[in-house]
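Take a look at the protein below.

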Amino acid sequence: MSALLDLTVLELGRAIRKGEVSPVEAVRAALAVAGDGCGGAFISLDAEEVVKRAKALENGAKKIENPLFGVPMALKDNICFTGLPTTCASEMLKNFRPPYDAYVVERLNNAGAICLGKTNMDEFGMGSTGETSVFGPVVNPWSPDRVAGGSSAGSAAAVSRGGCWYALGSDTGGSVRLPAAFCGLTGIKPTYGTVSRCGLVAYASSFDQIGPLSRDAADCAAVLDVIQGHDCRDSTSLPGAYGYLLAGLTGDIRGMRIGMPVQSFGDELDPEVRARVSEVADVLRNRGAVVEECELPALEYAVSAYYVMACAQAGSNLARYDGVRYGHRAPGCANPEELHMQSRTQGFGAEVKRRILLGTFVLSAGYYDDYYRKALMAREQIKQEFSRLLERYDLLLTPVAPGPAPRLGESLNDPKRMYLSDIYTVCANLTGLPALSMPCGFHSCGVPVGVQLTGPALGEDKVLNAAHAYQQETDWHRRRPECFGKGGTDRWSGRR
């Protein structure tokens, strides 16, 4: 059983198509871990329906020739799936069952994928640690006293523990890449618009993007090949042909130019993280790439610009949860005003309220020019600097986070610290560029360290190929935590 769980997505898919492993066997292996709570990674599971789906695929007259056929996966609980609730880990949507599947779910179903369940997350995607969920925190598989990263914490922990082979998350400011780094996985935020947001519950619409978390770059490429593509239901979906990423993974990066912005290696960076990233640069040089320092002065504005704009968009997007149309409705209210106030008071957690209030403030009369307009200007400056750098370099190499995964509770008591943990990841969302996190070693505290590669728009092929080249030389992506394949204890009361 453990040998089966240790296979990559591509290895398991190949074994299933050859008839060496059945989809039912793969599902039962994953459920043995996921069904035990998986360290708070899962919110909802329906084992009976999952096994039915696996049997239907197994008994099909013709197997789908896709690398993902029969491979169990999981969805972050802000991606609509008709078979299970979509709660966004919030009291506000605790009983919401969507009447349709997200675009990415449709694509995965057509490829023969099997969705095991929905994974835990920071409430409405607002958080960097996986601790703001109404269902309780997600535990880091490598260290039970540390966070798994956020907001796609459950997706990362589920894959890391062996509860599924890959999972989808959403990335608004690093929410795929940060938990990937903390849990020793590979995760990618694709170019904005290449994966439809239809069926993704909105946090900040100009930043949100769905992306995969898996063991290695090849698995990420296989998943992106399925979920990318134009969707007429999403007005921001890019037209044209793109993708075909798996076939382009040669591992040949000779002559590739990679920049390392010196502003990403300042005093705020943990010395051990700095050392691990420097080792990555050495490996890439040995593979034939040219790696050198460069300048990115606008980085100092990134976190401030991002949080002003993201909170403003969140305040607008979450205004629909008013206790009238759908979502939590407070009982016993005497009039519409009280209903609105009490429903939102009871339905939203502290971090969501904080961001709604901040967003409302920066958009209010008298403050729009002082905050939101300046954030727009900073975003444009950051875009221009990245455009300039990516004319000279194929990729940019940076840390994913300033330090290792924090201990549980530390960031909740210091929101500023939580926000600053996104300093290296938010730029990819501000610019819409593709960025990947991959494991590159361990910190002395026992948790993985991640490194980030950022590429030009529609440059997923370059990002994934460089990561693939690195992973051909190293085995960090093949390391497993001690709890691998053993599930975990439920840490939340709302498990379904």
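## A loop, a helix and some cavities

S133 sits in the loop between β3 (114-119) and β4 (139-140). The model is predicted. Is S133 buried or exposed? S133 has a relative accessible area of 8%. The cut-off for buried is under 20%, so S133 counts as buried. Which residues touch S133, leaving aside its neighbours within four places in sequence? They are A89, N120, M121, D122 and E123.

N120 is one of these contacts of S133. N120 also lies in the loop between β3 and β4. Its relative accessibility is 0%, so N120 counts as buried. Compare N120 with Y470: they are 350 residues apart in sequence. In space, their C-alpha atoms are 30 Å apart.

**The buried helix**

Now turn to helix α8, residues 217-227. How many of the 11 residues of α8 are buried? The count is 10, so α8 is largely enclosed by the rest of the structure. The buried residues are A217, A218, D219, C220, A221, A222, V223, L224, V226 and I227. What covers them? The cover includes the helices α2 (9-18), α5 and α16 (460-473). It also includes the strands β6 (166-171), β7 (186-189) and β8 (209-214).

Two packed helices are described by the angle between their axes and the distance between the axes. The table gives both values for each pair.

| Helix pair | Axes come within | Crossing angle |
|---|---|---|
| α5 and α8 | 8 Å | roughly 110 degrees |
| α8 and α16 | 8 Å | roughly 150 degrees |

Start with α5, residues 103-110. Its axis crosses that of α8 at roughly 110 degrees. Angles of 65 to 115 degrees count as roughly perpendicular, so α5 and α8 are roughly perpendicular to each other. On the α5 side, the contact uses Y103, V104, R107 and L108. On the α8 side, it uses D225, V226 and I227. The residues of this contact divide into 5 nonpolar, no polar and 2 charged.

Next comes α16. Its axis crosses that of α8 at roughly 150 degrees. Angles over 145 degrees count as roughly antiparallel, so α8 and α16 are roughly antiparallel to each other. Here α8 contributes A217, C220, A221 and L224. From α16 come E460, L464, A467, H468 and Q471. By class, this contact has 6 nonpolar, 2 polar and 1 charged residues. Why might a helix use residues spaced along its sequence? An α-helix has 3.6 residues a turn, so residues three or four places apart point the same way.

**The cavities**

How many cavities of 30 Å³ or more are there? The count comes to 5. The largest cavity has a volume of about 110 Å³. Its lining consists of P261, S264, L296, L299, F386, L396, T398, Y424, C427, A428, Q452 and T454. Three elements each supply at least two lining residues: β11 (395-399), α15 (426-431) and β13 (448-454). By class, the lining of the largest cavity has 8 nonpolar, 4 polar and no charged residues.

The second largest cavity has a volume of about 80 Å³. It is lined by 14 residues. Which of them are closest to its centre? They are G127, S128, S175, Y306 and D422. The lining of the second largest cavity divides into 4 nonpolar, 8 polar and 2 charged residues.

Conventions
Residues numbered from 1 in each chain as written. Predicted model: local features only at pLDDT ≥ 70, side-chain atom pairs only at ≥ 80, totals over all residues. Heavy atoms only, no water. Axes fitted to C-alpha atoms, helices over the stretch in contact; angles between N-to-C directions. Helix = DSSP H or I, 4+ residues; strand = E, 2+ residues; numbered from the N terminus. Parallel < 35°, antiparallel > 145°, perpendicular 65-115°, else oblique. Contact = heavy atoms within 4.5 Å. Nonpolar A, V, L, I, M, F, W, Y, C, P; charged D, E, K, R; others polar. 1 Å grid on protein atoms, 1.4 Å probe; cavity = no way out; pocket = protein on both sides within 12 Å on 5 of 7 lines; lining within 4 Å. Points joined across faces, edges and corners; volume = space filled by probe spheres on them. Buried < 20%, exposed > 50% of the residue type's maximum accessible area, 1.4 Å probe, protein only.
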